[in-house]
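Reader: Please show me the model. Then let us go through it by question and answer.

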Amino acid sequence: EDPQKLAEFEARIERGEKIEPNDWMPQMYKKQLIRMIEQHAHSEIIGALPEGTWITRAPGFKRKLALMAKVQDEVGHAQLLYSAAETLGKSREQMIDDLIEGKSKYSNIFNYPAFTWADSCFISWLVDAGAIVNQLANARGSYGPYCRALDRICAEESFHLKYGHHCVIHMATGTPKQRQMMQEAIDRWWGPMMHFFGPPDKVSVHTEVLMKWKVKMASNDECRNQFLDMYVPKIWELGFTIPDPNLKKNPETKKWEYTEPDWDEFKRVINGDGPCNAERLAVRRVAEERGKWVRQALLTPKTKYVTPLA
Ligand code: FAQ
């Protein structure tokens with residue numbers, strides 16, 4: 001790689017300029033961005049699945065409408081992100097193929113089942129909250145198309161967060177059975193939620209280079225700590241417990257201390273062996289197959305259509 005071009009590129013990043021698709025960029029920057037944006041896009045599209053199964057069973061018409069809109073937004077976010085990744089030269093078809101063939105990763109958390117309505121409430125409030133912590137930080141990053149997609153995604157996610165919080169408050173102030181359902185959902189999802197921000201900084205493979213080039217604007221541990229700072233008090237305020245007796249904020253360091261979640265489980269899940277990985281990919285495979293005729297019709301030049309009046 002040309003050292004002078006690399007120096008100019010790094011100086012631009014240092015000055016806070018945005019890098020655009022036709023600008024010179026190191027191959028590694030491009031490769032890392034494709035990897036991260038593509039995984040993010042897959043996470044949105046697969047993330048629609050656990051909550052999506054609750055649309056038909058949402059308690060009441062208003063919840064059904066809101067959940068349907070939210071799930072639709074998540075799929076829209078995937079489209080925005082696939083478009084951002086395409087600016088770097090990888091086609092959408094290739095990305096989708098890599099997803100359904102199990103070659104690409106997507107967020108660990110969507111490989112767990114949403115057993116009850118409370119699980120769907122957990123996702124809408126706290127998984128969205130975690131996603132926002134990460135996305136708000138990275139929206140200030142260096143790659144123009146990704147940052148612009150993140151700005152729009154964050155605006156929509158803020159509605160999801162309010163919707164999810166409302167759902168959880170409703171459960172918290174409901175019957176003993178509702179409170180119990182919500183507590184059980186928190187107990188089930190806490191481990192995957194801690195995993196969600198990625199491995200600890202000291203073992204994270206990509207953080208260093210991504211932070212150097214301002215793709216990642218906060219490290220995994222910083223995002224995890226910010227999430228704990230913002231949401232643990234809110235969970236406690238609602239009278240729920242968190243299934244980690246060691247969870248507490250250290251008043252001196254101002255950092256949260258916790259039991260390390262099971263990182264072996266995390267590795268298994270992100271490498272394809274979680275409770276729902278096979279099911280999630282099977283659903284996407286069927287969707288791909290069933291949607292083929294629509295894509296083919298869209299790609300067929302209009303001149304080939306024969307209308308009855310022609
Ligand atoms: N799940 O070196 P690091 C959402 C992998 S959107 C799966 O630390 P990095 C919206 C990582 O890819 C949620 N894999 O990696 C929604 C790498 O593997 P590789 C998604 C994970 O990139 C809400 C290896 O481990 N958000 O939820 C995970 O520096 C509700 C080493 O890790 C984004 O994707 C994980 N949690 O940091 C939708 C945001 N963590 O590629 C529906 C963009 C790590 O070498 C309902 N992404 N890995 O084979 C990022 O910010 C980063 O990629 C991290 C990981 C922070 C996820």
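Author: Helices (H or I, at least four residues) and strands (E, at least two) are DSSP runs, numbered from the N terminus. A residue is near a molecule if its C-beta atom, placed from the backbone, lies within 6 Å of it. This is a predicted model: local features need pLDDT of at least 70, side-chain atom pairs count only at pLDDT 80 or more, and totals for chains, interfaces and linings use all residues. Residues are numbered from 1 along each chain as its sequence is written.

Reader: Which element gives the largest share of the shell around the ligand?
Author: The shell holds 30 residues, with His40, Gly47, Gly198, Ser204 and His206 the closest. Elements giving two or more residues are α2, α5, α7 and α8 (207-212). The largest share, eight residues, comes from α2.

Reader: Is valine 283 buried, exposed or partly exposed?
Author: Valine 283 sits in helix α11 (residues 277-290). Buried needs 20 or more other C-beta atoms within 10 Å of the residue's own, exposed 12 or fewer, and partly exposed lies in between; C-beta atoms are placed from the backbone. Valine 283 has 17, so it is partly exposed.
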